[in-house]
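Hi there,

Here is the structure I promised to pass on to you.

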Amino acid sequence: MPTKIEKDSVSGQMTTGHEWDGLKELNTPLPKWWLYTFYATILFSLVWVVLYPALPISGATGLLGWTARGALPAQQAAERARIEPMMARLRAATPEQIAADPELRAFALAGGRVAFANNCAGCHGAGGQGAPGGFPSLADDDWIYGGSFDAIQHTIRHGVRANESDEQRGVAMPAFQATGMLNAAQVSDTAEFVLSLTGRSTDPAAVTRGEALYAENCASCHGDRGEGNRDLGAPRLNDRIWLYGGEKADIMRSIANSRAGVMPSWQGRLDPAMINMLTVYVHALGGGE
């Protein structure tokens with residue numbers, strides 16, 4: 001409730017004239033330095049709005065004509081110039097030489113991590129763990145085309161079945177049922193034999209029939225016992241690592257209709273130094289050979 005303005009007998013401060021349940025509000029204004037600072041920030045914000053693009057209006061630039069987008073090319077050019085000496089060293093070195101040089105290796109791992117996040121993680125996962133649907137893990141020791149520096153670099157450069165390079169990886173697997181090479185029953189028997197390579201088949205008769213079909217149609221690429229063939233990009237079938245799923249239905253779908261995952265060729269898209277950095281980074285994820 002309002003009361004008269006008076007000096008508080010305890011603190012010596014003037015009151016504001018407000019009182020609540022016997023408690024009087026003291027008139028203690030903010031320090032002058034705080035008020036002046038506050039007014040200065042208001043003035044600064046007004047000047048900023050006039051000089052720079054601070055209003056949410058399309059095309060607003062401010063009196064100086066500066067925009068973050070317009071400043072970006074110069075910033076990128078400055079950054080490229082800053083790292084160019086190291087990039088030149090990375091272009092001139094092989095991945096093995098980069099991995100053996102502590103300074104180059106540290107730079108390559110840092111740059112490779114960024115390049116991987118920008119270009120590869122969408123398919124292979126942020127940590128190279130792979131993803132269902134034909135995106136292989138890069139963090140284990142199971143490699144379709146090999147996990148050496150040279151093999152990884154070749155895959156990055158030329159891609160897989162993208163028809164962008166004469167040296168691309170990958171041989172197309174026939175769609176055995178879709179093309180009439182096998183019927184549904186034969187596809188099922190072949191799948192049973194593939195399951196038997198990891199001890200998971202429960203139909204011995206189907207395995208016997210499927211073994212002959214496998215030998216005639218699959219062994220030339222995947223090996224007599226499913227050991228795979230890196231030269232052709234034919235994955236192993238005698239382990240528990242599967243690109244498209246290892247259940248019988250998944251295997252039958254692969255045999256019947258084929259699988260043909262595609263990876264782009266990064267040669268020409270990325271700086272050779274960046275490809276070298278990616279090679280070293282992928283090799284270091286945990287599954288390099």
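Below is what I found, going from the whole chain down to a few residues.

Please keep in mind that this is a predicted model. The secondary structure comes to 11 helices and two strands. Reading from the N terminus, the order of the elements is β-β-α-α-α-α-α-α-α-α-α-α-α. The protein is more spread out than a compact globule, because its radius of gyration is 34 Å, well over the 19 Å that the globule rule gives for 289 residues. Along the principal axes, the C-alpha atoms fill a box of roughly 105 × 55 × 40 Å.

Of the 289 residues, 34% count as buried. If we take the contacts with a separation of 6 or more, 52% of them are between residues 24 or more positions apart. On the charge side, there are 24 positive and 30 negative side chains, and the centres of these two sets lie 6 Å apart.

Now to the annotated regions, which come from an unreviewed UniProt entry. The record gives residues 33-55 as "transmembrane region". In the model, that span is 83% helix and 0% strand, with its end C-alpha atoms 30 Å apart. The feature "domain: Cytochrome c" is placed by UniProt at residues 107-198 and 205-286. For residues 107-198 the model has 43% helix and 0% strand, and the end C-alpha atoms are 42 Å apart. For residues 205-286 the figures are 49% helix and 0% strand, with 41 Å between the end C-alpha atoms.

Some single residues are worth a click in the viewer. Start with Trp143, in the loop between helix H5 (121-124) and H6. Is Trp143 buried or exposed? Trp143 counts as buried because its relative accessibility is 12%, and the cut-off for buried is under 20%. Leaving out residues up to four places away in sequence, Trp143 touches Leu138, Ile152, Arg230, Val282, Gly287, Gly288 and Glu289. Ala74 is 69 residues from Trp143 along the chain, and the C-alpha atoms of the two are separated by 42 Å.

Next, go along to the loop between helix H6 (149-158) and helix H7 (184-196), where you will find Arg161. Asn163 is also in the loop between H6 and H7. Arg161 is not a glycine, yet it has a positive phi of about 50 degrees. Asn163, although not a glycine, has a positive phi of about 55 degrees. Asn163 counts as exposed, because its relative accessibility is 68%.

Finally, have a look at Ser188 in helix H7. With a relative accessible area of 18%, Ser188 is buried. Which residues is Ser188 in contact with, leaving aside its neighbours within four places in sequence? Those residues are Lys248 and Met252.

That is my tour of the model; do write back with any questions.

Best wishes

How values were computed:
Residues are numbered from 1 along each chain as its sequence is written. This is a predicted model: local features need pLDDT of at least 70, side-chain atom pairs count only at pLDDT 80 or more; totals for chains, interfaces and linings use all residues. Side-chain values use heavy atoms; hydrogens and water are left out. UniProt positions are given in the numbering used here, feature names are shortened, and annotations may be inferred rather than shown by experiment. Helices (H or I, at least four residues) and strands (E, at least two) are DSSP runs, numbered from the N terminus. The radius of gyration is taken over C-alpha atoms; the globule rule is 2.2 Å times the number of residues to the power 0.38. Buried means under 20% relative accessible area, exposed over 50%, partly exposed in between (1.4 Å probe, protein chains only). Contact means heavy atoms within 4.5 Å. Lys and Arg count as positive and Asp and Glu as negative; His and the chain ends are not counted. The place of a charge is taken as NZ of Lys, CZ of Arg, CG of Asp or CD of Glu.
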